[in-house]
Amino acid sequence: MSRALIIVDVQNDFCEGGSVAVAGGAVLAERISEYLRVSDYAAITATRDYHIDPGAHFSDNPNFIDTWPPHCRAATPGAEFHPNLDTAPIDEVFFKGAHAAAYSGFEGATKDGIALVDWLRTKGIDTVDVCGIATDHCVRATALDARIARFDTRVLLGLSAGVSPAGIDRALDELREAGVKIAADIES
Ligand code: VGL
């Protein structure tokens with residue numbers, strides 16, 4: 001077994017003070033950093049929402065389900081990792097969403113255009129843990145795609161933050177149904 005961690009979208013715009021602020025984002029970033037100090041992964045990856053012109057993903061009247069206030073615009077502070085996230089242990093970063101909504105990290109690629117699935121397979125990874133923001137959106141989509149790509153997949157619930165309690169419950173049902181394990185007890 002060779003396990004990787006995928007840290008999803010721990011970016012300024014998804015934390016307090018950002019345009020799509022998820023409650024608890026800043027503290028979550030700190031706790032993920034602590035977890036990185038004590039955990040032992042074969043590879044650590046992170047995703048960044050990185051929008052240039054994502055069309056209808058941005059809205060002036062967002063429903064916070066599939067339309068959102070503008071966020072994580074390329075090359076703006078909102079698209080940076082939250083400063084509480086220790087980026088030193090991160091082996092590779094995957095950017096997603098330049099020209100359309102992209103909830104799953106598996107839609108992302110490195111600056112050199114290497115897709116997440118290819119990068120993980122090249123490293124011999126067969127098992128992934130997914131954590132970050134938001135449990136009911138990008139964490140959900142990333143974990144579902146990890147299963148489709150046949151990785152043994154866990155969501156680290158204690159190291160994730162979500163938009164709505166009902167949305168999180170729905171996402172967890174869907175993830176379990178898809179064969180994703182939910183680890184409620186792994187937190188730093
Ligand atoms: C996300 C809403 C819009 C996420 C991204 O990272 O979960 N949520 N874009």
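1. Arg-150 lies in the loop between helix H3 and strand E5 (152-161). Helices here are DSSP runs of H or I with at least four residues, strands are runs of E with at least two, and both are numbered from the N terminus. Phi of Arg-150 is near 70°, a positive value in a residue that is not glycine. Is Arg-150 buried or exposed? Arg-150 is exposed, because its relative accessible area is 73% (exposed means over 50%, buried under 20%, with a 1.4 Å probe and protein chains only).

2. A word on the basis. This is a predicted model, in which local features need pLDDT of at least 70 and side-chain atom pairs count only at pLDDT 80 or more, while totals for chains, interfaces and linings use all residues. Residues are numbered from 1 along each chain as its sequence is written, and side-chain values use heavy atoms, leaving out hydrogens and water.

3. Now turn to Asp-9. Asp-9 sits in the loop between strand E1 (3-8) and helix H1 (25-38). Phi of Asp-9 is near 50°, again positive in a residue other than glycine. Asp-9 counts as buried because its relative accessibility is 0%.

4. What does the side chain of Asp-9 contact within the protein? Another goes to the side chain of Lys-96, at 2.8 Å. A polar contact is a pair of N or O atoms within 3.5 Å; within protein, one must be able to donate a hydrogen and the other to accept it, and sequence neighbours count only through two side-chain atoms.

5. Asp-9 also faces the ligand. A polar side-chain atom of Asp-9 is 2.7 Å from a ligand oxygen. The backbone takes part too. A polar backbone atom of Cys-138 lies 3.0 Å from an oxygen atom of the ligand. For Ile-133, a backbone N or O atom is 3.3 Å from a ligand oxygen. The protein covers 99% of the 260 Å² of accessible area that the ligand has on its own (Shrake-Rupley method, 1.4 Å probe).

6. Which residues surround the ligand? They are Asp-9, Phe-14, Asp-49, His-57, Trp-68, His-71, Ile-133, Ala-134, His-137 and Cys-138 (a heavy atom within 4 Å). This shell divides into five nonpolar, three polar and two charged residues.

7. Where does the ligand sit? The ligand sits in the largest cavity. A cavity is a set of points on a 1 Å grid over the protein atoms alone, where a 1.4 Å probe fits but cannot get out. To sit there, a molecule needs more than half of its atoms within 2 Å of the grid points.

8. Two shell residues deserve a second look. The peptide bond from Ile-133 to Ala-134 is cis, with omega near -5°. Ala-134 is in the loop between strand E4 (127-133) and helix H3 (135-148).

9. Strand E4 also holds Val-128. Val-128 is buried, because its relative accessibility is 0%. Val-128 and Gly-108 are 20 residues apart in sequence and 16 Å apart in space, C-alpha to C-alpha.

10. Compare the chain start. Met-1 belongs to the segment before E1. Met-1 counts as exposed because its relative accessibility is 72%. Met-1 and Thr-127 are 126 residues apart in sequence, and their C-alpha atoms are 6.8 Å apart in space.

11. Last, helix H1. Leu-28 is part of this helix. Is Leu-28 buried or exposed? Leu-28 is buried, because its relative accessible area is 2%.

How values were computed. 1 Å grid on protein atoms, 1.4 Å probe; cavity = no way out; pocket = protein on both sides within 12 Å on 5 of 7 lines; lining within 4 Å. Nonpolar A, V, L, I, M, F, W, Y, C, P; charged D, E, K, R; others polar.
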